[in-house]
Amino acid sequence: MRWKLNFIFLRSFPLFTPRVQENVFIRIFRFYYDGFRSMTVGRRLWLIILIKLFVFFILLRLFFFPDFLKSRFDTDKERGEYVLEQLTQ
Amino acid sequence: MIDSIDLSLVNWSRGQFALTAYYHWLFVPLTLGLSLILAFMETMYVRTGDEKWKNITKFWMTLFGINFAIGVATGIIMEFEFGTNWSNYSWFVGDIFGAPLAIEGIMAFFLESTFLAVMFFGWNKISRKWHLASTWLVAIGANLSALWILVANAWMQHPVGMHFNPETARNEMLNFWEVLFSPVAVMKWLHTTASGFVLAAVFVTGISAWFLLKKRENLLARRSIMVAATFGILSSLFLIWSGDQSTRQIVHVQPMKFAAIEGLYHGQEGAGLVAIGVMSQTADDPENENIKDFAVRVEIPNFLSYMAYGKFDAFVPGVIDLINGNPERNIISSAEKMEKGKYAREILKEMKDARAADDFVTYEARKAMLMDPEFQENYFRYFGYGFIDDPGRLIPNVPISFYSFHIMVGLGFWFLAFFILALLMAWRDTLARRRGFLRLAIWTIPLAYLASMAGWTVAEMGRQPWVIQDLLPTFAAVSQIDAGMVQVTFWLFAVIFTTLAIAEVRIMTRQIKLGPKEGRK
């Protein structure tokens, strides 16, 4: 009985409606794929997002924003000692 | 080291953080408010089955998507800056920041990104009700994400629920719920999200006014104004209430900020509220350029006392009382706080030196002293004052704090009046004829952003010199890095974020000019 209820629940999402026995991952993929394909203004936005993420996470993070304490000290103990020194001098 | 801090490094680091935060905040409030407006509009569609509501929702959803796409991840830059420019601070705050930010990341990722895709791609693929649920979940997810960031910010304004571990030099969370449900955090979240609602309502009303001016999309514009103005009135009332509550909290937890934003130098009973004021260009106190008296002011007698304490004759401390102290009012002087702070720092130094010298007896004694609740209450709570050598440095920039606060409050009342007028005109169907008002509605959009930015200026400039109230001054929080490097990244960010802002405006204006998809030729 429970599986029937679950089935009825899932049927309300065409995404989860078994059309030709596709597995759920393929259906999710198709949902996104169709969504992206039907986008108009969204394609340009995705380009902006990808460029932005590349600039933020690759260029800025790697070359301009190293973690100050992690890049200088190997352990938390050393980091704590350094900050303690900074706070008490 | 702290004594020899390079002030240009501190200023460039602050400037960079402010630049990043302001640009990030260009995108956030519209996401917070517009997501809810979309949810209301789609609810109308589902309830009435009227396809026109669906078209209206889809039009605003496109603008929401543009804002979301361009704004997404702009906040992550601030986390980079914490690790690079503010390493002393990042270490000192310990896990207090880590927990809320991690929850925010998970919540933002799962709620927003999952349901955002369903919201955009799910039209005609899932049932109306499930689509509506996705839209509501995007709105709820966006606003709950903001909660965690604001909890972290509120902790900096009013640190609670933690204790300082002298061994690791970090603050450790003792009570997560005390941090989460700190009254300052709750009110900050309510006030900030409400400001986003108001901004989004102004945005929708302004764009709809443009359509009416151009004699286009009449139905979309009228319906949108009805929804936005109603939402705007409710949000504005809530904004004014939460702002009032926040200000009452500031009196207790950040009295210097309160004195600065109200321009109150000398404490008094029955203090008047300066409704409008222009500060003198000449410094009132030659030793402190942050103190400037009023050249012109319009004051409401006794009202500041009432606003702060609910009594017309209550005493409200001014900047000078907080610096010099006022024994009659049990206000201790900044000199006394500085002494206590220096003592706390000295004990911490003795503990550190004893550990380095393997003097375990002294080490354990000093550590026990630092962990003692009584010591924490009487001395360590003033730890940050131990870095201050001149009491004048404890005064924030009064003119900036005062003007930002008054711009924010003044515009807040204007928005309420604006929404009432817009709703009345929409109700009577006279909006299209009121071309002056329609132009004013368009110009109110930048004013909403100005008010929002002014609010953050009040919150962050008004609490200087503290990065963590009373515990860590801003200048002691910076990393010892090259100021030149911070300058380079400052300009780099200025270019990147300006490009993003231009892209946002251009793509959005193009989309607005095109109008809803269904009406295009």
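Biologist: Axes here are lines fitted to C-alpha atoms, for helices over the stretch in contact, with angles running from 0 to 180 degrees between N-to-C directions. At what angle do the axes of helix α8 and helix α17 of chain B cross?

Modeller: At roughly 155°, and the axes of α8 (residues 183–213) and α17 (residues 435–461) of chain B come within 8 Å. So α8(B) is roughly antiparallel to α17(B) (over 145 degrees; under 35 is roughly parallel, 65 to 115 roughly perpendicular, the rest oblique). Helices are DSSP runs of H or I with at least four residues, strands runs of E with at least two, numbered from the N terminus. This is a predicted model, where local features need pLDDT of at least 70 and side-chain atom pairs 80 or more, while totals for chains, interfaces and linings use all residues. Residues are numbered from 1 along each chain as its sequence is written, with chains lettered from A and ligands numbered from 1 in the order written.

Biologist: Which residues make the contact?

Modeller: Among them are V198(B), F203(B) and W210(B) of α8(B), and L438(B), I445(B) and Y449(B) of α17(B). In contact means C-beta atoms, placed from the backbone, within 7 Å.

Biologist: Other topic. How many residues of chain B are in contact with chain A?

Modeller: 40 of chain B, against 33 of chain A. Helices including α5 (95–121) and α19 (483–514) of chain B each supply at least two residues to that side.

Biologist: And how many helices and strands are in chain B?

Modeller: 19 helices and eight strands. The C-alpha trace of chain B spans about 80 × 50 × 40 Å along its principal axes.

How values were computed: Contact = placed C-beta atoms within 7 Å.
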